[in-house]
Amino acid sequence: MGLSGFENYYPSQLSGGMQQRVGLARALATDADILLMDEPFSALDPLIRTDMQDVLLDLQEELNKTIVFITHDLDEALRIGDNVAILRDGVIVQKGSPQNIILNPVNEYVAAFTKDINRGRVLQIGSIMDKETMRGGLEIEHDMVLEDALQVLSKANVKRANVMQKFQPIGTIDLDKMIRALAPPDAAVGPHDH
């Protein structure tokens, strides 16, 4: 949990972020099949919050627990969730992968709710790739987010790359499609919108 050297301290003697780590360790110590976390990081400053999200993602990868994570922070939900549900007035409006919710909002409410999301940090290349593959060329992983993939293409000075999964090509992505995916659909500017 990243608390080496603090084993003999009481939680009240630790910082807020360290206390959250203790709370997470307590929850994991029960070895429950499902963990319910109700806004566990909401009181933390942004840097500690991001650090705790990283800890949770690492633990999830290692322990493979089902975690129901409740948050009002859509960026947080999209970052850590592999299945996200958006509720309105106690009713599920849309559920699915973060990729699907951003790319295919079911109604105006979800579209408005997701319009200010930094799509470059959430959308993965695999969600917008073309299915055909090409021989040779730059390779990027299907789960790389747009922001990172744009940097890879820019550094390599190429406009197109093979999308890979488990060392196999599964599609291609080009620079123009990546740039278009960064903007919400209603942000498109037509030739008459100067």
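**Close-up views of a predicted model**

**View 1. Lys 115 is partly exposed, with a relative accessible area of 42%.** The structure shown here and in the views below is a predicted model. The partner of Lys 115 in a salt bridge is Asp 116, and the closest N and O atoms of the two residues lie 3.6 Å apart. Asp 116 has a relative accessible area of 66% and is therefore classed as exposed, the cut-off being over 50%. Side chains of opposite charge can pair when their charged atoms come close.

**View 2. A salt bridge joins the side chains of Arg 49 and Glu 76, with an N to O distance of 3.0 Å.** This pair connects distant parts of the chain: Arg 49 belongs to helix H2 (residues 46-63) and Glu 76 to helix H3 (residues 74-80), and the two are 27 residues apart. Both Arg 49 and Glu 76 are buried. A network of salt bridges links Arg 49, Asp 73 and Glu 76. In the whole structure, the search finds 9 salt bridges.

**View 3. Asp 54 and Arg 79 meet through their side chains in a salt bridge of 2.2 Å, N to O.** Here too, distant parts of the chain are linked, with Asp 54 in helix H2 and Arg 79 in helix H3, 25 residues apart. The relative accessible area of Asp 54 is 29%, which makes this residue partly exposed. Arg 79 likewise counts as partly exposed, at 36% relative accessibility.

**View 4. The largest pocket holds about 1500 Å³ of space.** Its lining consists of 43 residues, and those nearest the centre of the pocket are Glu 76, Ala 77, Leu 78, Ile 80 and Gly 81. Two or more lining residues come from each of H2, strand S2 (66-70), H3, strand S3 (84-88), helix H4 (98-103), helix H5 (108-114) and helix H6 (119-122). H2 supplies the largest share of the lining, 8 residues. By residue class, the lining of the largest pocket comprises 20 nonpolar, 12 polar and 11 charged residues. Glu 76, one of the residues nearest the centre of this pocket, is also the salt-bridge partner of Arg 49.

**View 5. Ala 77 is located in helix H3.** With a relative accessible area of 15%, Ala 77 is buried, because the cut-off for that class is under 20%. Ala 77 and Ile 34 are 43 residues apart along the chain, and a distance of 17 Å separates their C-alpha atoms. Ala 77 is among the residues that lie nearest the centre of the largest pocket.

**View 6. An open sheet is formed by 3 strands in the order S5-S6-S7, with mixed pairing.** Strand S5 (139-141) and strand S7 (168-174) are the edge strands, each pairing on one side only. From one strand to the next, the twist averages 40 degrees. Strands of a sheet pair through backbone hydrogen bonds, either parallel or antiparallel.

**View 7. Strand S6 (residues 160-165) and S7 run antiparallel and are joined by 6 bridges.** Opposite Asn 162 stands Thr 172, a residue of S7.

Note on methods:
Residues are numbered from 1 along each chain as its sequence is written. This is a predicted model: local features need pLDDT of at least 70, side-chain atom pairs count only at pLDDT 80 or more; totals for chains, interfaces and linings use all residues. Side-chain values use heavy atoms; hydrogens and water are left out. A salt bridge is a side-chain nitrogen of Lys or Arg within 4 Å of a carboxyl oxygen of Asp or Glu. Helices (H or I, at least four residues) and strands (E, at least two) are DSSP runs, numbered from the N terminus. Buried means under 20% relative accessible area, exposed over 50%, partly exposed in between (1.4 Å probe, protein chains only). Two strands pair if DSSP finds at least two bridges between them. Axes are lines fitted to C-alpha atoms, for helices over the stretch in contact, and angles run from 0 to 180 degrees between N-to-C directions. On a 1 Å grid over the protein atoms alone, a cavity is a set of points where a 1.4 Å probe fits but cannot get out, and a pocket is an open set with protein on both sides within 12 Å along at least five of seven lines; lining residues have an atom within 4 Å of a point. Grid points are joined across faces, edges and corners, and a volume is the space filled by probe spheres set on the points. Ala, Val, Leu, Ile, Met, Phe, Trp, Tyr, Cys and Pro count as nonpolar, Asp, Glu, Lys and Arg as charged, and the others, Gly among them, as polar.
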